[in-house]
Amino acid sequence: THKMFNVLSFLTERFTVKLNKELRISDLNIRRLLLEQSYIKDYDFKSCPLEFLVHLQSHNYSDSTLMTYHNLVIRFLNAFKGKSLNDINRFGIDEINHYHEIWNQRSEPGPSTINQSVNAIKMYYKVMGKKTLLLEQVSRPLRNKVLPTVYSKEEVQGIVNQLENPKHKAMLFLIYSAGLRISEVINLQKEDLLRDRGLLFIRKSKGRKDRYTKLADNALALIDLYLKEMMPKVYLFEGQYGGRYSTTSIRNVLNEAKRKAGIQTKGSVHTLRHSFATHLLENGTDLRYIQELLGHESSRTTEIYTHVSTLNLSKITSPGDLIKI
């Protein structure tokens, strides 16, 4: 590991080093080196303390969260030119709030980005031993309540009809019919298809939680058609040369199908998951079951679909009509 670090250290000073995403690197010195290779290392550059990354890794945060939190903490630490790491570690609420106010004024990063930054910085101070800091007083911007976009059932049908490649068809239809995140579909394995029970097993998804969701008969039929032609080795859907299927490729497949079908609705692969939840609700499925199928920790997250459903309100019977007058 020490030799590998020295080699990568030599290379990152001269080139941008990218490693195959299938290569899992557990050594945090090497991961930090790769994450920070694009930063200008002037005399005042402050690297992210290893202690913070150890905390994220030991608490099983995903690679994506580790990368995001690292970048947000690096931005924070290096916003204070002339201040040492010890100076910054002694900051109070006012400095943290002022930092986010200045960021907002300069580039308007949006409430979600600022909220992520607040979360990362709060965790940083918790890890670095700032016990006296009343972190609940760190101000958060109000989130914009943006309702998710949804494809209609007719639009989903149009997308599926345009897909001729068996793998593409099976993959996109499974995302819709099971309400999957894009990261979940690329991590599926053949044994996750619980055929007898009509369920799909999702392992260690967002928040590192396992869950079950519906495996539609139509989806299984498309998967079996695809498996007759292809023999994936590890994952259910693999790239041209094996390994996980590329998320970029999935997005390209969807966009091309939408273009061919003449679908104008703006949306992404994730919109198929929103459509799954909304169509379930319109079919009369209880919100608690939808929450479980989607793997939402809080029911408040699932409740957003009640605002985008086009369920015909005229079909609802008022309790007043049940009273004889």
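In the predicted model, helix H11 buries Ala 219, Leu 220, Leu 222, Ile 223, Tyr 226 and Leu 227. These residues cover an arc of only 160° around the axis, so they sit on the same side of H11. An α-helix has 3.6 residues a turn, so residues three or four places apart point the same way. The other side of H11 carries exposed residues: Asp 217, Asn 218, Leu 225, Lys 228 and Glu 229. H11 itself runs from residue 217 to 229 and has 13 residues. From first C-alpha to last, H11 reaches 19 Å, close to the 18 Å expected at 1.5 Å a residue.

Ser 177 is part of helix H9. Ser 177 counts as buried because its relative accessibility is 10%, under the 20% cut-off. Beyond its neighbours within four places in sequence, Ser 177 is in contact with Lys 214, Ala 216, Ala 219 and Phe 276. Of these, Ala 219 is one of the buried residues of H11.

H4 contributes Thr 68, Tyr 69, Leu 72, Val 73, Phe 76 and Leu 77 to the contact. On the H7 side, these meet Gln 116, Ser 117, Asn 119, Ala 120, Ile 121, Met 123, Tyr 124 and Tyr 125. The contact residues comprise 10 nonpolar, four polar and no charged.

Definitions and conventions: Residues numbered from 1 in each chain as written. Predicted model: local features only at pLDDT ≥ 70, side-chain atom pairs only at ≥ 80, totals over all residues. Heavy atoms only, no water. Helix = DSSP H or I, 4+ residues; strand = E, 2+ residues; numbered from the N terminus. Expected span 1.5 Å × (residues − 1). Buried < 20%, exposed > 50% of the residue type's maximum accessible area, 1.4 Å probe, protein only. Arc of directions from axis to C-beta. Contact = heavy atoms within 4.5 Å. Nonpolar A, V, L, I, M, F, W, Y, C, P; charged D, E, K, R; others polar.
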